[in-house]
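Please open the structure in a viewer and keep the selection tool at hand.

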Amino acid sequence: MSTTTLDPLDLYGIRGTLTEEERMVQDAVQRLVNERVLPIIRECFEEHRFPRDLIPELAALGLLGSSLTGYGCAGLNAICYGLICQELERGDSGIRSFVSVQSSLCMYPIHAYGSEEQKQKYLPPMARGELIGCFGLTEPHGGSDPANMKTHARHRGRDWVLNGSKMWITNGSIADVAVVWAQTDDGIRGFLVDKGARGFTTQLIERKFSLRASVTSALFFDDVVVPQECVLPGVVGLKGPLSCLTQARYGIAWGVIGAAQACLAQMLDYTGTRELFGRPLAQNQAIQIRLADMARRITGAQLIALELGRMKERGVMQPVHVSLAKWNNCRMALDVARDCRDMLGGAGISAEYAPIRHMLNLESVITYEGTETIHELSVGRELTGLNAF
Ligand code: TGC
Ligand code: FAD
């Protein structure tokens with residue numbers, strides 16, 4: 001019998017290549033997830049409840065807007081942001097979603113495109129978790145093609161009047177401010193719409209089978225008056241929202257590795273102790289091949305995420321690199337979670353075990369931030385020079 005000292009969840013020893021700061025960030029988030037997320041997450045999922053009381057703890061660790069500089073943000077590097085997402089999603093995709101939306105989809109555009117007044121007003125309380133954001137791009141008639149959005153804003157004197165609706169919006173019903181993308185006569189612009197603005201309403205989307213520990217909502221805008229000082233001045237056009245998606249998709253490419261690791265860890269434990277036909281399940285060739293295949297897929301995803309992070313740090317990461325990583329890593333995690341669910345037999349459909357929860361969550365994760373097909377077509381366009389959208 002052979003023994004091994006390798007970490008089965010990190011066969012290539014990626015942790016050994018991290019800087020001290022990166023390891024410290026990973027350890028801190030790992031502790032938070034072990035102590036505060038894992039004990040409650042099953043119940044949250046069953047009760048369709050986002051654990052809001054975790055927000056101050058996420059903020060205290062500097063996880064909100066962690067890669068932004070100034071305005072109370074931690075200014076961590078891209079690898080740290082990736083590790084944060086990975087550890088949070090080891091707990092649950094819903095917790096990582098909350099941090100992705102707050103950081104990459106709300107704080108990032110304010111930081112990148114906002115006026116100094118907007119940055120001062122929103123970023124410090126958002127970093128402290130006192131002000132929650134949501135990002136409204138998708139509309140009911142088709143999220144894959146945001147250029148075709150119907151939500152529009154028209155000038156009325158110095159103000160704008162916003163009309164339309166957004167669908168499937170993470171944090172929608174708990175947000176204090178919505179970053180809303182709307183068509184104008186000059187092109188798509190971003191608007192900061194505060195909760196309570198007259199004519200702005202939200203509706204919680206209930207009865208989800210996925211991301212049950214996350215708030216998802218529809219947003220409605222009925223003649224909402226938005227003052228000029230609430231428009232993001234620094235960007236016009238689809239590149240505004242798409243650049244935010246690049247940041248969030250980067251985090252997802254790391255995050256889903258955590259979900260897959262959680263599933264594999266549980267399977268190594270389960271197959272090592274469950275006895276069938278007089279031997280541990282793990283002593284069957286067919287089972288070992290499946291476990292080895294999971295480790296192979298996870299390792300590949302880890303290397304892609306790490307290299308993507310290094311490219312981001314060097315400033316050479318392009319959207320197509322992110323598309324390939326988001327597509328590959330979400331597919332990897334979903335396949336691993338589904339296979340783990342199967343290897344648990346009947347127990348695999350029980351909430352007692354994590355794979356089915358991760359599997360159901362990953363059905364959303366592979367869909368949002370660009371479906372698998374959208375990312376395949378982005379890579380295809382890069383290879384052929386032909387636009388198939
Ligand atoms: P195209 O018309 O060619 O480009 C428009 C302009 O945008 C620029 N651009 C980008 N800029 C920055 N970052 C990117 N990733 C960019 N991609 C494109 C581009 O250079 C151009 O600029 P300019 O100056 O020439 O005008 O647009 P496209 O053909 O690239 O886009 C088509 C397509 C299908 C890829 C795009 O529409 C798309 O990505 N669709 C999917 C939509 C999507 O992902 N929605 C996500 C909604 S948010 C969400 O799901 C949150 S879940 C959060 C959670 O809970 O974690
Ligand atoms: P559609 O665009 O209608 O796509 C339907 C199907 O058609 C998909 O399989 C797609 O791949 C396929 N398809 C589309 N175009 C093509 C093509 N050219 N060729 C072949 N096949 C194609 N959005 C936000 O703006 N903010 C959020 O915070 C947010 N959070 C979300 C949270 C959850 C839980 C979910 C499920 C979604 C969230 N979304 C959010 C929306 C998400 O981004 C969209 O669901 C996604 O972009 C797909 O849009 P759609 O659902 O309208 O599907």
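The stops below visit cores, helix pairs and individual residues of this predicted model.

**First stop: the cores**

Begin by selecting Leu88, Phe135, Leu162, Trp181 and Val193, the residues with the most contacts inside the largest nonpolar core, which has 70 residues. Next, colour residues 93-113, that is, helix H4: the largest share of this core comes from H4, which supplies ten residues.

Return to Phe135 and display what surrounds it. Which residues does Phe135 touch, if those up to four places away in sequence are not counted? They are Val101, Leu105, Cys106, Ile169, Val179, Trp181, Pro241, Cys244 and Leu245.

**Second stop: H4 and H5**

To display the contact, select Gln102, Cys106, Met107, Ile110 and His111 on the H4 side. On the H5 side, select Gln118, Lys119, Tyr122, Leu123, Met126 and Ala127. By class, seven residues of this contact are nonpolar, three are polar and one is charged.

Move to helix H7 (residues 285-314) and helix H8 (residues 319-343). How do their N-to-C directions compare, given that the axes cross at roughly 155°? H7 and H8 are roughly antiparallel to each other, because their angle is over 145 degrees. Their axes come within 10 Å, and the crossing is left-handed. The contact of H7 with H8 contains 16 nonpolar, three polar and five charged residues.

Is Trp254 buried or exposed? Its relative accessible area is 2%, so Trp254 is buried. Beyond its neighbours within four places in sequence, Trp254 is in contact with Ile79, Gly82, Leu83, Cys85, Gln86, Ala305 and Leu306. A distance label between the C-alpha atoms of Trp254 and Ile79 reads 9.1 Å, although 175 residues separate the two in sequence.

Next, select His358 in helix H9, which covers residues 354-365. His358 has 0% relative accessibility and therefore counts as buried. Show the residues that His358 touches, leaving out those up to four places away in sequence: Glu89, Arg90, Gly91, Asp92, Ala259, Ala262, Cys263 and Ala337.

**Last stop: two positive phi values**

Leu211 is located in the loop between strand E6 (200-204) and strand E7 (216-226). Its phi is near 45°, a positive value in a residue other than glycine.

Asp223 lies in strand E7. Here phi is again positive, at about 55°, although Asp223 is not a glycine. With a relative accessible area of 44%, Asp223 is partly exposed.

Key. Residues are numbered from 1 along each chain as its sequence is written. Chains are lettered from A and ligands numbered from 1 in the order in which they are written. This is a predicted model: local features need pLDDT of at least 70, side-chain atom pairs count only at pLDDT 80 or more; totals for chains, interfaces and linings use all residues. Side-chain values use heavy atoms; hydrogens and water are left out. A nonpolar core is a set of buried Ala, Val, Leu, Ile, Met, Phe, Trp, Tyr and Cys residues joined through side-chain atoms within 4.5 Å. Buried means under 20% relative accessible area, exposed over 50%, partly exposed in between (1.4 Å probe, protein chains only). Helices (H or I, at least four residues) and strands (E, at least two) are DSSP runs, numbered from the N terminus. Contact means heavy atoms within 4.5 Å. Axes are lines fitted to C-alpha atoms, for helices over the stretch in contact, and angles run from 0 to 180 degrees between N-to-C directions. Angles under 35 degrees count as roughly parallel, over 145 as roughly antiparallel, 65 to 115 as roughly perpendicular and the rest as oblique. A crossing is left-handed if the near helix is turned anticlockwise from the far one by less than a right angle, and right-handed if clockwise. Ala, Val, Leu, Ile, Met, Phe, Trp, Tyr, Cys and Pro count as nonpolar, Asp, Glu, Lys and Arg as charged, and the others, Gly among them, as polar.
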